[in-house]
Amino acid sequence: MTVVLAFEGLLACPTCRGALRRGDASLVCAGCCATYEVRHRVPRLRTAADARTERVREFYSVSPFPGYRSRDTLATLRWRASRSEFARALDRANRG
Ligand SMILES: [Zn+2]
């Protein structure tokens, strides 16, 4: 399946700034031939980082907000934050 993105002409290769052309479920750089995966119509234009950063990226790709349920409400999140002394100190500091 060829990827079709409405904003495709606005994208550039993050490595060499070359134009990106459509490939099979990916975008391919016309300059350096790098391939960028497209998942759910979102191009993944991140470049590789050091091993530690990649481990952190992988962790958050699986658990974007560890310890939080996906259906927490704003009120629930505020209540949870109010239990943290650090969050209360930030709140006091932000009030002025
Ligand atoms: Zn490139």
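Which residue in strand 3 stands opposite leucine 27? Tyrosine 36 does.

## Basis of the model

This is a predicted model, in which local features need pLDDT of at least 70, side-chain atom pairs count only at pLDDT 80 or more, and totals for chains, interfaces and linings use all residues. Residues are numbered from 1 along each chain as its sequence is written.

Helices (H or I, at least four residues) and strands (E, at least two) are DSSP runs, numbered from the N terminus. Two strands pair if DSSP finds at least two bridges between them.

Four strands make an open sheet in the order 1-2-3-4, with antiparallel pairing. Strand 1 (20-23) and strand 4 are its edge strands, and each pairs on one side only. Strands of a sheet pair through backbone hydrogen bonds, either parallel or antiparallel.

Strand 1 is joined to strand 2 by four bridges. Arginine 22 has leucine 27 as its bridge partner in strand 2. Glycine 23 is partnered by serine 26, also in strand 2. Strand 2 and strand 3 pair over three bridges, again antiparallel. Here valine 28 stands opposite threonine 35, and leucine 27 stands opposite tyrosine 36. Two bridges link strand 3 to strand 4. Valine 38 has proline 43 as its bridge partner in strand 4.

## Hairpins and positive phi

Most residues other than glycine have a negative phi, and most peptide bonds are trans. Each of the following turns holds a residue with a positive phi. The hairpin of strand 1 and strand 2 has two residues between the strands, and alanine 25 in the turn has a positive phi of about 55°. Strand 2 and strand 3 form a hairpin with five residues between them. Its turn contains cysteine 33, with a positive phi of about 70°. Strand 3 and strand 4 form a hairpin with two residues between them, and histidine 40 in that turn has a positive phi of about 50°.

Burial is counted from C-beta atoms placed from the backbone: a residue is buried if 20 or more other C-beta atoms lie within 10 Å of its own, exposed if 12 or fewer, and partly exposed in between. Cysteine 33 lies in the loop between strand 2 (26-29) and strand 3 (35-39). Cysteine 33 is exposed because 10 other C-beta atoms lie within 10 Å. Histidine 40 sits in the loop between strand 3 and strand 4 (42-43). Histidine 40 is exposed because 4 other C-beta atoms lie within 10 Å.

## Core and covered face

Which residues form the largest nonpolar core? There are five: Cys13, Leu20, Leu27, Cys29 and Tyr36. Such a core is a set of buried Ala, Val, Leu, Ile, Met, Phe, Trp, Tyr and Cys residues joined through C-beta atoms within 7 Å. In soluble globular proteins, nonpolar side chains tend to be buried together.

Strand 2 has two faces. Leu27 and Cys29 are on the covered one, Ser26 and Val28 on the uncovered one. Cysteine 29 touches Cys13, Cys16, Gly18, Leu20 and Ala34, leaving aside residues up to four places away in sequence. Contact here means C-beta atoms, placed from the backbone, within 7 Å.

## From the sheet to helix 1

Arginine 46 is in the loop between strand 4 and helix 1 (51-62). Arginine 46 counts as exposed because it has 12 C-beta neighbours inside 10 Å. Arginine 46 and glycine 18 are 28 residues apart in sequence and 15 Å apart in space, C-alpha to C-alpha.

Helix 1 has twelve residues and reaches 17 Å from its first C-alpha to its last. That is close to the expected 16 Å, where the expected span is 1.5 Å times one less than the number of residues. Helix 1 is hardly covered: its count of buried residues is zero.
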